[in-house]
Amino acid sequence: MELNTNRKMNKIIIILVVNLIFITNAFAQKETFQNEYGLGVGILGYTGRYSVNADFASKSSYNLNAFYQKNIINNNVWLRVNGVFGQLKGDNTSFENSGAAAGSFSTNIAEMNVLAVLDVFNLQTKKITPYLGVGIGGYTLLGYKASTGAAKTSKDKMGFIVPVI
């Protein structure tokens, strides 16, 4: 009688252990990140000749940005596309400038770039990670207005950038 009870108890323990293994295995399945996207709002700052001695408000303005990134090699390497639209401005006409050019300008700017991004730690095992990225992109100035100087030519309104993050 005692032998039957032990066998039943052993079967129950084996069934529980097997179930526990399957349940643990189901929860241990790693989620694979494929795509990420996001939107943001920020501040663009200008630090050129029309910002000398100017306060922060006269040389900074808004920006809107969006990104999409796709996992390309493993969970650590991404291909990222960024788009930024915002306003650049500078105005030091209300400030005393010791030898600096006085003037003001404002323009909208549109920028697009593509980067390869490396997460230093795997987000599958860590909740947060620093990242590094490098890429190439371009920008264009839209509606450029300046208080001094000639109007910009079309080739002066476009440029290439090498973003590093």
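Me: Going from the N terminus, in what order do the elements of this protein run?
Reply: Keep in mind that we're looking at a predicted model. Starting at the N terminus, the order is α-β-β-β-β-β-β.

Me: Which residues outside its sequence neighbourhood does Leu44 touch?
Reply: Leu44 belongs to the largest nonpolar core, together with Tyr46, Tyr50, Leu88, Phe105, Ile109 and Leu141. Skip the neighbours within four places in sequence, and Leu44 is in contact with Lys59, Ser60, Ser61, Tyr62, Asn63, Gly86, Gln87, Leu88 and Ile109.

Me: Now the surface: which strands each supply at least two residues of the nonpolar patch?
Reply: The patch is formed by Ile72, Ile73, Leu79, Val81, Met112 and Val114, with about 510 Å² of accessible area together. Ile72 sits in the loop between strand E2 (60-71) and E3. The strands that each give at least two patch residues are E3 (77-91) and E4 (104-119).

Me: Is Ile72 buried, partly exposed or exposed?
Reply: Buried means under 20% relative accessible area and exposed means over 50%, with partly exposed in between. Ile72 has 44% relative accessibility, so the label is partly exposed.

Me: And how much of the protein is buried?
Reply: The accessible surface of the protein comes to about 11,600 Å², with 63% of that belonging to carbon and sulfur atoms. Out of the 165 residues in the protein, the buried share is 26%.

Notes: Residues numbered from 1 in each chain as written. Predicted model: local features only at pLDDT ≥ 70, side-chain atom pairs only at ≥ 80, totals over all residues. Heavy atoms only, no water. Helix = DSSP H or I, 4+ residues; strand = E, 2+ residues; numbered from the N terminus. Buried < 20%, exposed > 50% of the residue type's maximum accessible area, 1.4 Å probe, protein only. Areas by Shrake-Rupley, 256 points an atom, 1.4 Å probe, with all protein chains shown as cover. Patch = residues over 30% accessible without salt bridge, like charges linked within 9 Å, V, L, I, M, F, W, Y side chains within 5 Å. Salt bridge = Lys/Arg side-chain N within 4 Å of Asp/Glu carboxyl O. Core = buried A, V, L, I, M, F, W, Y, C linked by side-chain atoms within 4.5 Å. Contact = heavy atoms within 4.5 Å.
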